[in-house]
Amino acid sequence: MTDNTQKQAKAQKLVGVKGMNDILPPESARWEWLETQVRALMARYAYRNVRLPIVEPTALFVRGLGEVTDIVEKEMYSFEDRLNGEQLTLRPEGTAGLVRAVVEHNLLYEGGKRLYYMGPMFRHERPQRGRYRQFHQIGAEVLGFGGPEVDAELILLAQDLWRVLGLQDVRLELNSLGQPEERRAHRAALIAHFEQHADVLDEDARRRLHSNPLRILDTKNPAMAPVVESAPKLLDFLGEASLAHFAAVKAILDANGVTYRINPRLVRGMDYYNLTVFEFITERLGSQGTICGGGRYDYLVEQVGGKPAPAVGWALGVERVLELIQEQGQALATPVPDVYAIVPDVAALPVAMRTLQSLRVAGVSAQMHAGSGEGMGSMKSQFKKADDSGAAHALIFGADELTRCVVTVKALRDGQGAQRAERLDAVGQWAQTLQSS
Ligand code: ATP
Ligand code: MG
């Protein structure tokens with residue numbers, strides 16, 4: 001090959017898919033912290049973890065979420081598996097897959113279940129702050145229990161999470177969508193109302209007027225706000241049982257000092273909801289202010305082919321919650337190692353790395369200095385790396401030390417410069433003195 005063809009052969013730089021983000025250090029520390037808080041909280045409410053596939057049959061979402069919804073109409077990553085012709089979709093949300101799994105494995109056989117999940121979701125939307133094509137949700141779902149106490153429990157769980165995470169200015173909006181037969185009466189009134197204002201309906205709304213008029217209430221088009229505002233309220237069409245369920249949820253929230261606002265136009269983006277629906281909203285993130293949404297979905301289990309069972313749940317947007325935390329100026333706790341190993345000569349590597357292994361077994365976080373492949377680098381540059389790592393101590397494995405069977409432990413922060421020699425054959429005895437947490 002000539003020089004020229006070699007240059008041409010250099011691979012072109014590839015970049016990630018638009019709207020799909022890399023989550024890298026130091027920001028990833030915030031993600032880990034949030035996940036740790038969530039796991040601990042879920043344990044306190046006795047919710048158990050599920051891990052589900054990212055790809056599901058397309059039919060699950062079309063049937064589950066509803067054909068005339070934003071997600072199914074225009075946001076799904078659907079494709080045909082080239083190898084066997086199956087129609088598949090990258091999950092746009094977690095509830096449908098979870099219900100599919102619960103039915104498939106007959107999980108409700110011995111009673112109700114409280115479950116949670118965390119993971120990536122995919123929607124082909126226009127990327128902007130708080131709106132991505134791959135984003136992450138944490139969801140909590142309760143299946144097999146029909147009473148208002150689980151609706152309230154889920155809301156209290158979410159509130160508790162905001163407390164643990166230190167979120168401020170998150171408000172709760174609440175509504176009831178009643179039952180299908182109550183929605184039918186409301187639907188007729190809604191169509192009549194929108195027909196009267198056909199001139200202000202946008203294209204989406206006109207298309208949905210007869211297929212899914214409730215969806216029009218979920219519009220993000222500000223020009224339609226007045227006609228949505230004046231639309232007949234579903235709450236006025238609810239019967240006694242639905243109202244009693246709603247009142248019971250509110251009574252539990254009241255008893256717990258949870259403040260909320262009834263929003264009669266809150267409908268949520270999927271068709272599977274009934275009775276209680278809710279959203280947690282902040283004003284601090286601009287128009288992508290809904291950080292969490294959920295509600296009851298008592299008919300989804302049978303829609304997916306299971307024996308009828310009530311269910312309720314919510315999902316929060318991890319990116320939006322983290323953006324809110326950042327917006328509030330909460331400091332990011334960057335992880336640092338306890339010690340950094342300085343190795344002047346490659347000859348010391350076996351002993352140095354054996355010592356680090358013993359320290360790690362004892363619970364000390366230890367970062368090894370790594371060389372260029374041609375040597376370990378100057379002491380000066382190694383000390384600079386040690387300092388940059390944030391470690392509290394440097395361990396110096398010099399030839400001098402090794403002949404005496406010791407390592408020098410040098411303080412890099414508190415009591416800077418103080419140093420002592422520790423025996424290499426007694427790591428267990430001094431390891432604890434290096435451990436920060
Ligand atoms: P929005 O009204 O903002 O489009 P949604 O009603 O479509 O939200 P849900 O399907 O209820 O959202 O999902 C629950 C949460 O997931 C949302 O409240 C939001 O925090 C988050 N979320 C939804 N879509 C995205 C996205 N494309 N990027 C980032 N987060 C998202
Ligand atoms: Mg949406």
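**A conversation about the model**

Modeller: Arg-268 counts as buried, at 10% relative accessibility. Please keep in mind that this is a predicted model.

Biologist: Where does Arg-268 lie?

Modeller: Arg-268 is in the loop between β8 and β9. Its phi is near 70°, a positive value in a residue other than glycine.

Biologist: Which residues come nearest to ligand 1?

Modeller: Of the 16 residues around ligand 1, the nearest are Arg-123, Glu-125, Arg-131, Arg-268 and Thr-290.

Biologist: Which polar side-chain atoms lie by an oxygen atom of ligand 1?

Modeller: Gln-137 has a polar side-chain atom 2.9 Å from an oxygen atom of ligand 1. Lys-220 also places a polar side-chain atom by an oxygen atom of the ligand, at 3.0 Å.

Biologist: And what does the backbone of Gly-317 do there?

Modeller: A backbone N or O atom of Gly-317 is 3.4 Å from an oxygen atom of ligand 1. As for cover, ligand 1 taken alone exposes 580 Å², and the protein buries 94% of that.

Biologist: Which elements give two or more residues to the shell?

Modeller: They are β6 (134-143), β10 (290-296) and β11 (311-317). The largest share, 3 residues, comes from β10.

Biologist: Let us turn to salt bridges. How many are found in the whole structure?

Modeller: A search of the whole structure finds 27 salt bridges. One of them joins the side chains of Arg-131 and Glu-125, with 2.9 Å from N to O.

Biologist: Is Arg-131 buried or exposed? And Glu-125, buried or exposed?

Modeller: Arg-131 counts as buried, because its relative accessibility is 13% and the cut-off for buried is under 20%. Glu-125 is likewise buried, at 13%.

Biologist: What about Glu-229 and Arg-265?

Modeller: Their side chains meet in a salt bridge of 3.0 Å, N to O. This pair links distant parts of the chain, 36 residues apart: Glu-229 is in helix α9 (residues 225-229), and Arg-265 is in the loop between β8 (261-262) and β9 (274-282). Glu-229 is partly exposed, with a relative accessible area of 48%, whereas Arg-265 is buried, at 17%.

Biologist: How far apart are the closest N and O atoms of Asp-387 and Arg-413?

Modeller: In that salt bridge the closest N and O atoms are 3.9 Å apart. Asp-387 lies in helix α14 (residues 379-389) and Arg-413 in the loop between β15 (406-411) and β16 (419-423), so the pair ties together parts that are 26 residues apart in sequence. Asp-387 is partly exposed at 38% relative accessibility, and Arg-413 is partly exposed at 36%.

Biologist: Which residues are joined into one network by salt bridges that share partners?

Modeller: Asp-70, Glu-73, Lys-74, Asp-204, Arg-207 and Arg-208 are joined in that way.

Biologist: A change of topic: which residues make the nonpolar surface patch?

Modeller: Ile-54, Val-55 and Phe-79 make a nonpolar surface patch of about 210 Å². Phe-79 belongs to strand β3 (residues 77-80) and is partly exposed, with a relative accessible area of 36%.

Biologist: What does the side chain of Ser-242 contact?

Modeller: The side chain of Ser-242 makes a polar contact of 2.8 Å with the side chain of Glu-182. Ser-242 sits in helix α10 (residues 240-255) and counts as buried, at 1% relative accessibility.

Biologist: Back to the backbone. Which residues does a cis peptide bond join?

Modeller: A cis peptide bond joins Pro-25 and Pro-26, with omega about 0°. Pro-26 is in the loop between α1 (3-9) and α2.

Biologist: And what is phi of Ala-46 near?

Modeller: Phi of Ala-46 is near 60°, a positive value in a residue other than glycine. Ala-46 is found in the loop between α2 and β1 (48-49), and it is partly exposed, with a relative accessible area of 36%.

How values were computed
Residues numbered from 1 in each chain as written. Chains lettered and ligands numbered in written order. Predicted model: local features only at pLDDT ≥ 70, side-chain atom pairs only at ≥ 80, totals over all residues. Heavy atoms only, no water. Near = heavy atom within 4 Å. Polar contact = N/O pair within 3.5 Å; in protein donor to acceptor, adjacent residues only side chain to side chain. Areas by Shrake-Rupley, 256 points an atom, 1.4 Å probe, with all protein chains shown as cover. Helix = DSSP H or I, 4+ residues; strand = E, 2+ residues; numbered from the N terminus. Patch = residues over 30% accessible without salt bridge, like charges linked within 9 Å, V, L, I, M, F, W, Y side chains within 5 Å. Salt bridge = Lys/Arg side-chain N within 4 Å of Asp/Glu carboxyl O. Buried < 20%, exposed > 50% of the residue type's maximum accessible area, 1.4 Å probe, protein only.
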